[in-house]
Amino acid sequence: MGRLEGMAAVVTGGASGFGKGIVEAFVREGAAAMIADIDEAKAQSLAETLRADGARAAAVRVDVLDRASLEAAVEACEAQFGALDIMVANAGIGQRPAAFLDTSTDVLRQHFEVNAIGAVNSCQTAIPALRRRAEGASILITVSGIALLPRPQLYGYGMAKAAALYLMKSLAQELAPERIRVNGLFPAIGDTPMLAEFAGGTRSEADERRFAEGLPLGRLITPADVGQAAVFLSSPAEAGAMTGCALPVDAGRCL
Ligand SMILES: NC(=O)c1ccc[n+]([C@@H]2O[C@H](COP(=O)([O-])OP(=O)(O)OC[C@H]3O[C@@H](n4cnc5c(N)ncnc54)[C@H](O)[C@@H]3O)[C@@H](O)[C@H]2O)c1
């Protein structure tokens, strides 16, 4: 029996990186996954691979800035899998480092749009469906360790993630009386395609080593690391008493 047996999730940004790790961990633990990504081809290809392995998975094109596409994803999840138990607001974009005086307000707006308002849209469209569940429903937001411990030169990304932290805590308070839990994952630098952005646009082995050596455990965060943490926080049996939890998955970065 899987740890999420019989549950169903929408995972935004589920076609790549940490979102893909979450989808793979969820289906391994018995959940159905609706992969909701702006990259529809990648999302469909992952869903096909998972279905070929016997998992319950489907894909839908979602832009987290387009609420109608999110509503369609929630409806598709309920129609195909019978319910929505878990919304994972994971989609995001990375940023190339830039000094404060070189940071345009356009960059700040873009990051607030995707990394903060995108999470707001994902949560708001999911809540009516989560309310239809008698128990066990939850929201999980992929935030970032940067919201707990700022880094220099990532103003757009970091300020938007700080807003996502606020959203997670505040929404956890509002939804607690309804027994809907809201938690956040706070990864450090990950072995995902986004690493190239943080490295300045391209990714080299030297960058990977430099980032890994900057973390106390001396290793990057993998999609599997994030997937395992997501399963734990989404399991009512294991984390039923946890809401508003900011869980670092960061190889010790925020110590
Ligand atoms: N990689 C890191 O170092 C790191 C660290 C901390 C937090 N995070 C966060 O983890 C999450 C996943 O990042 P990742 O590293 O897996 O990156 P990634 O680039 O591998 O995956 C991001 C996914 O989001 C999708 N996406 C982007 N914009 C979208 C939109 N508007 N609507 C729907 N889907 C969209 C992309 O198509 C992609 O599949 C993000 O929220 C990111 O900020 C990443």
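I began with the contact between two helices: Val 107, Leu 108, Gln 110, His 111, Phe 112, Asn 115, Ala 116, Ala 119, Val 120 and Cys 123 of helix 4 meet Tyr 155, Gly 156, Tyr 157, Met 159, Ala 160, Lys 161, Ala 163, Ala 164, Leu 167 and Leu 171 of helix 5. I sorted the residues of this contact by class: 15 are nonpolar, 4 polar and 1 charged. The model is predicted.

I then looked up the geometry. The axes of helix 4 (residues 105-131) and helix 5 (residues 155-175) come within 7 Å and cross at roughly 20 degrees. Angles under 35 degrees count as roughly parallel, so helix 4 and helix 5 are roughly parallel to each other. Their crossing is right-handed.

I found an open sheet of 7 strands with parallel pairing, in the order 3-2-1-4-5-6-7. Strand 3 (57-61) and strand 7 (246-249) are the edge strands. From one strand to the next, the twist averages 20 degrees. Helix 2 (residues 40-52) packs on the sheet and touches strand 2 (32-37) and strand 3. The direction of helix 2 makes about 175 degrees with that of strand 3.

I also checked one pairing. Strand 5 (residues 138-142) and strand 6 (residues 181-187) pair over 5 bridges. Ile 139 has Val 182 in strand 6 as its bridge partner.

Terms used: Residues are numbered from 1 along each chain as its sequence is written. This is a predicted model: local features need pLDDT of at least 70, side-chain atom pairs count only at pLDDT 80 or more; totals for chains, interfaces and linings use all residues. Axes are lines fitted to C-alpha atoms, for helices over the stretch in contact, and angles run from 0 to 180 degrees between N-to-C directions. Helices (H or I, at least four residues) and strands (E, at least two) are DSSP runs, numbered from the N terminus. Angles under 35 degrees count as roughly parallel, over 145 as roughly antiparallel, 65 to 115 as roughly perpendicular and the rest as oblique. A crossing is left-handed if the near helix is turned anticlockwise from the far one by less than a right angle, and right-handed if clockwise. Two residues are in contact if their C-beta atoms, placed from the backbone, lie within 7 Å. Ala, Val, Leu, Ile, Met, Phe, Trp, Tyr, Cys and Pro count as nonpolar, Asp, Glu, Lys and Arg as charged, and the others, Gly among them, as polar. Two strands pair if DSSP finds at least two bridges between them.
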